[in-house]
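Subject: Structure for your review

Dear colleague,

Please find below the sequence and structure that I am handing over to you. My findings follow directly after it.

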Amino acid sequence: MLICLSANHKNSSFDVLEKLSVGADEAAGGMLTGHDALSGAVVVATCNRFEAYLDLDEPFGVSPLPAVYAAIDAVSASTGVSAALLRDTLDLVHGNGVAEHLFAVTSGLESVVVGEGEIAGQVRRALEEARAAGTTSPELERLFQRASQTSRGVKNRTGIGAAGRSLVRLSLELAESRVTDWAQTRVLLVGTGRYAGASLAALRDLGVTDVRVYSPSGRAERFAASHDIQALATDADALAAETALVDLILTCTTVEHHVIDAGILLAGRALVAARKGEDAEAPAIAPVRSCPVGADVEATRQLVIDLGLPRNVDPDVSEVAGVELLDLETIRIHAPLEELNATSEARRLVDRAARKFSAVAEEQSLAPAVVALRSYVFDILDAEIERAHARGDSSEQTESALRHLAGVLLHTPMVRSRELARAGEQEAFLGGLDALFGIDVTMPEAGVAGLPTAPGVAGVTDISSAAS
């Protein structure tokens, strides 16, 4: 059975999500070693969600909560978030609700900015990382591949992709009221990862031409060369000085420490002021664009946009004169309302895809019974062929005719097994096998036994209430 443990911007604080993102890479392996019944785990960690998709190999009637709590303990060990807080925070999605949830997430329907496009790539990368780590399973593979297909279908057939805006573009839209002329804005881009290219493209769309890139990991030169911008040296003074020369600092790196803080900003302003004093007529570093030559550097107006998770920017920068910080928490508060028509159609497509995914799973649920029937028929077939050989009839025509007859007899039961499984009537097929052939097959049933479901929310459980 499939289970999802979900922390997101709807049920968790930004601080919790930030901590969960730090140890996300090690969580999947820890979950698998923590409980024998867990056969697969894929972790999706983004700036606004942490989700663990688990493949639980337990028969019906056995509570999944020990495996769930073992998974929570593993997440706690890898991220530092207490298990008690995780039990109070995480939603448990189970049964058919897992496919619907992941399909909606991948399609951007559960994002802060409804319809944003980055999440589909993040989900795809989560599966690739699980493959590389050896933590995925055949059923999780099928789930995530269908999620990607559903996302593409939603994007192609609805207006949700066009209506949705990325976090990068939304943050720059929020910055519009603080920027006089994008063409005259000098920008420091911190980071060269997955958001950096999107950030640079969005800046250029606004007319920004003066961009420098700094990489804490030393990749600035390669990124700058491929994007035709300037790279900043990796030494601390170069970074500090540049922070005093720009109008906008945009950070989007995945390092687990603050790259920018108040001390760096103040040190940079002191460096610029000192260099001006050394050669007032030909300053080694140009004055800040939004600050007239000769004016007090500390009077500069600067905007810092932090798209990193964990935070790239220490909140203490807001205490520096003239600096305004726009971080993910602020962006989330200002996220626009979804466009109802496009979202409604997208939801219908997601629901249809989830039902189809579940129908296939239901068909597969009768596989042991189908195998039992085929084994029963083929055992009889082999016995009859041996009998014919014993009578001296070893012709290929006789054996071929018997095998053809067995195939014809099995055709209708195979078709009916799929039809009954899709209709949720597996018991009818099992009862028929027992009544006609005496084949008794014990089957695990779909769903998760013993878990209360939140009123009005199919397949979603409050973990803390399930324990009571």
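I begin with a pair of helices. In this predicted model, the axes of helix 16 (residues 367–390) and helix 18 (residues 426–437) come within 11 Å of each other and cross at roughly 25°. Because angles under 35 degrees count as roughly parallel, helix 16 is roughly parallel to helix 18. The crossing of these two helices is left-handed. Helix 16 contributes Ala369, Val370, Leu373 and Tyr376 to the contact, and helix 18 contributes Phe429, Leu430, Leu433 and Phe437. Sorted by class, the contact of helix 16 with helix 18 has eight nonpolar residues and no polar or charged ones. An α-helix has 3.6 residues a turn, so residues three or four places apart point the same way.

The largest nonpolar core comprises 36 residues, and Leu172, Leu189 and Ile305 have the most contacts inside it. Two or more residues each are given to this core by helix 9 (167–175), strand 5 (186–190), helix 10 (194–205), strand 6 (210–214), helix 11 (220–227), strand 8 (248–251), strand 9 (302–306) and helix 14 (328–333). Helix 9 supplies the largest share, six residues. In general, nonpolar side chains in soluble globular proteins tend to be buried together.

Ile305 deserves a separate mention. Leaving aside residues up to four places away in sequence, Ile305 touches Ser171, Leu172, Ala175, Leu248, Ile249, Leu250, Thr251 and Leu326.

Helix 12 (residues 236–245) is mostly covered, with seven of its ten residues buried. The buried residues of helix 12 are Leu239, Ala240, Ala241, Glu242, Thr243, Ala244 and Leu245.

Thr46 counts as buried because its relative accessibility is 8%, and the cut-off for buried is under 20%. Not counting residues up to four places away in sequence, Thr46 touches Ile119, Gln122 and Leu309.

Finally, some totals for the whole chain. The protein chain has 19 helices and eleven strands. Of its 468 residues, 49% count as buried. Among contacts in the chain between residues at least 6 apart in sequence, 72% join residues at least 24 apart.

Yours sincerely

Terms used
Residues are numbered from 1 along each chain as its sequence is written. This is a predicted model: local features need pLDDT of at least 70, side-chain atom pairs count only at pLDDT 80 or more; totals for chains, interfaces and linings use all residues. Side-chain values use heavy atoms; hydrogens and water are left out. A nonpolar core is a set of buried Ala, Val, Leu, Ile, Met, Phe, Trp, Tyr and Cys residues joined through side-chain atoms within 4.5 Å. Buried means under 20% relative accessible area, exposed over 50%, partly exposed in between (1.4 Å probe, protein chains only). Helices (H or I, at least four residues) and strands (E, at least two) are DSSP runs, numbered from the N terminus. Contact means heavy atoms within 4.5 Å. Axes are lines fitted to C-alpha atoms, for helices over the stretch in contact, and angles run from 0 to 180 degrees between N-to-C directions. Angles under 35 degrees count as roughly parallel, over 145 as roughly antiparallel, 65 to 115 as roughly perpendicular and the rest as oblique. A crossing is left-handed if the near helix is turned anticlockwise from the far one by less than a right angle, and right-handed if clockwise. Ala, Val, Leu, Ile, Met, Phe, Trp, Tyr, Cys and Pro count as nonpolar, Asp, Glu, Lys and Arg as charged, and the others, Gly among them, as polar.
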